Amino acid sequence: MTRPYALLRAGFPYLKTVGMRRVVDFPVDVAVTRDMRVFALCRFEGLAGSAKIARVAWEDDANLGDISSTGSGEGQVTWPVQMLLDRGGNLVVSDEALHRITFITTEGEFVGMWGAHGSGDGELDRPSGIAFDADENLYVVDTMNHRVQKLTKDGRFILKWGTFGDGPGQFDMPWGIAVDELGDVYVSDWRNDRVQKFTAEGEFIFELGSSGSGDGQLDRPAGVTVDGDGDIYVADSGNDRVLLFNADGRYVEKFIGDATLSISGRAYMLANAKPLRLRDMADIEPQKRLRSPRSVRVDGEGRMFIPDYGSFRVQVYQKDAVPLSEEEIIAMPRSPTLQVT
Amino acid sequence: MGDRDLALAAHLMRRAGFGASRGELETLAARPYEDVVGDLLRPERFPEVEEDLVDRYYGWDSFHGPPARWIYRMVNTRRPLQEKMSLFWHHVFATAFFKSEHVASLNRQLQMFQRVGMSDMRTILLELSRDPAMIYWLDNNENVSGEPNENYGRELLELFSMGAGNYTEDDVKMAARAFTGWTFAQPIPLYPHGHYDARFEYRPEEHDDSVKTFLGETGRFDGGDIIDIIVRQPATAAFIARHLYNFFVADEPQVPAWPIEPPRDPEAIRILVGAYLDSDGDMRTVLNAMFTSDFFKEAQFRRVKSPAELVTGVLNLVETHRTPEPGIGVYQAAVTAMGQELLNPPTVEGWHTGKEWIDGGALSERVNFAVNEVGDGSKPGIQAIVRRVSESGSELSPEEFMSVCLSLVGPLTVGDETRAALMAYAESQGPLRFHTEADEEASARRIVRMVQLIVSSMEYQFA
């Protein structure tokens, strides 16, 4: 698969909302299976259970039941951060309290786990972002060691890069990570309010973003992902939005949330007279908006899934872009112009 | 720096904060006392708690999140008096979760206390009267022209400013009418997508704009005018002074007894009232007068620690949770088990304090909590105590062993009975030795045990 030379960005409309409170509770990440089951990784610091993986059907928003639970036993999670599907269809979850990576089936059966707390090669101190490369090696963001490690799928050390700081190739409590189809790696450098791009071996390529809330600026970026066009999506958690950058790192647009009621949310409301009236009395504009999104994912169909952390749901958008060849669009000019024909 | 300086610094930090580690106390005790108080009164000189870090690791939560995060703030703030004043106002303006179950507005109220809690009485009461959690708690959302609801007007006078006996029923009615139309916009309901904040809304069409006579003054008063009159009253100065004395200095009788029982230290109240009236109710001025007074300095261990003070004091002793770690909810649960569920006080009167914190169940919760926390020798604060004890000599007599531990845990002054019990333990295995590795291991275990005995003493229950 090769990247298009350029894109006609026709639009990126809101598609639908999945889940509701008591089902998708404080989702921090999301994974969607080929049979369109939506898995939401949920985490909150409660007194009782504080983490789980919720399962919701894409078509009718049906609650398919939780898997995993809070704890430190096999298949359990305490402070889960990110979740992936591997090629075998199993879920891979990072846990920054237990300093380990856990593998479970989509039915919740324990498959395996690895990870030891520390700062040596292959050891982890609060692992957060995880991403596979084409060979199913796992890049792990090793947050409190301020580095990225590349490990085999069974946890053997391959390479690492990064030290604490704000220079190129340095990190301050990094969070998210993504690998594109060319093997390049993107890391959201949380406390430096930027995303850095590296080669597969950790050589710095470029960075995007700066501190702030303006277009293209970031306030504590969490998850990051890349699609087949090379577009870079950043969960700009502190600004309650997701930003889209093109493959060169140029800011394209932002998503602030456009939620409508999910099917389950709609059914709940129609069965409860009091909340119906209270909602009717309220200014509902804020309910559309994202609240502190901590991840963003895209699938092969151009769908963007945003776990809407503060609002107990996943907001989904649909990319609509036409790939362009070199013959269809002029080369990038050196400067902007006012002449359009 | 002498032991008295250290004891005074520890006293100040227990009262104006939530305790401090030994290292922090030594730094503070080396400075002029007035400078330390000056820093406490100017929280803006110090950075805020790193909220981005708290958000990242503790995240949001339904109910238990805000009080658990508050405990984390109490332990980690570099602005301890700002946080302690938030707890003070939470005691005075007690607003509970159980009525509204609306986390967002309770959280907003707490943030309001953090923001304006050290400003002046007028600002504080005005913010309180515009606070959605308070408006709902005392039904001011149902207080409309022609059908006044007197709940807020009454408690504003009785529990929040002047105290019973200093106003008439007519004053209550007039205050209530003045606050008609002070309500909040309907927030989006909890289901299906979580809490949304409520915000103050003034509805002129629901406000009673008629002429009112309140505390002898007449005019077309609204809520702001009522507050202006209230904050000028000597009764308000005396009521707030007594609250401050009870919270920061020494235990007073419970609030309902105040109209009939005189203050424990009338001269102290007079000093605080003077500071209030001279400064138009400026809290920093009143707090400065209190913390620099002799009556404050002499009041060591004359208050029973509230559960929040006990738990945060122990956490500062063991020096854990200095960054977000899993399990902060355990401490929220511990405070609750001891009788102080933060953000959920039992009534608008707040918690009964002093000896009423202690009953059989609460005492065992308090002692067990402290003993368990300090019993883990791997905790940084306990390791520091072991290290400091070992640095005070290669062999310590039982008397020295006990004394140095009492100093490091407090410094704590204990009575004869406790001293005898601690000495009995200290003597049971002879001198404390650090000659060999085996000595060090055995002595470390004995030090941990001694610290456990100290925190289970009656004296440790006092701030």
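User: Where is Pro411(B) placed?
Analyst: Pro411(B) sits in the loop between helix H22 (398-409) and helix H23 (416-428) of chain B; helices (H or I, at least four residues) and strands (E, at least two) are DSSP runs, numbered from the N terminus. This is a predicted model, in which local features need pLDDT of at least 70 and side-chain atom pairs count only at pLDDT 80 or more, while totals for chains, interfaces and linings use all residues. Residues are numbered from 1 along each chain as its sequence is written, chains are lettered from A and ligands numbered from 1 in the order in which they are written, and side-chain values use heavy atoms, with hydrogens and water left out.

User: Is the peptide bond from Gly410(B) to Pro411(B) cis or trans?
Analyst: The bond from Gly410(B) to Pro411(B) is cis, with omega near 5°. The peptide bond from Tyr191(B) to Pro192(B) is also cis, with omega near 5°. Pro192(B) belongs to the loop between strand S1 (182-184) and strand S2 (200-202) of chain B.

User: And in chain A, is phi of Phe26(A) positive or negative?
Analyst: Phi of Phe26(A) is positive, near 50°, in a residue other than glycine. Most residues other than glycine have a negative phi, and most peptide bonds are trans. Phe26(A) lies in the loop between S2 and strand S3 (27-32) of chain A.

User: Which strands make up the open sheet in chain A?
Analyst: Four strands form it, in the order S2-S24-S23-S22, with antiparallel pairing; two strands pair if DSSP finds at least two bridges between them. Strand S2 (14-18) and strand S22 (297-298) of chain A are at the edges with a single partner strand each, so one side of each has no neighbour in the sheet.

User: How many bridges join S2(A) and S24(A)?
Analyst: S2(A) and strand S24 (residues 313-318) of chain A pair over four bridges in the antiparallel sense. Within S24(A), Val314(A) is the bridge partner of Val18(A).

User: Changing topic: how many residues does each chain bring to the contact?
Analyst: Chain A gives 47 residues and chain B gives 32 residues, contact meaning heavy atoms within 4.5 Å. The two chains bury about 3,400 Å² between them, 59% of it on carbon and sulfur atoms; buried area is the accessible area (1.4 Å probe) that two parts lose on being put together, summed over both.
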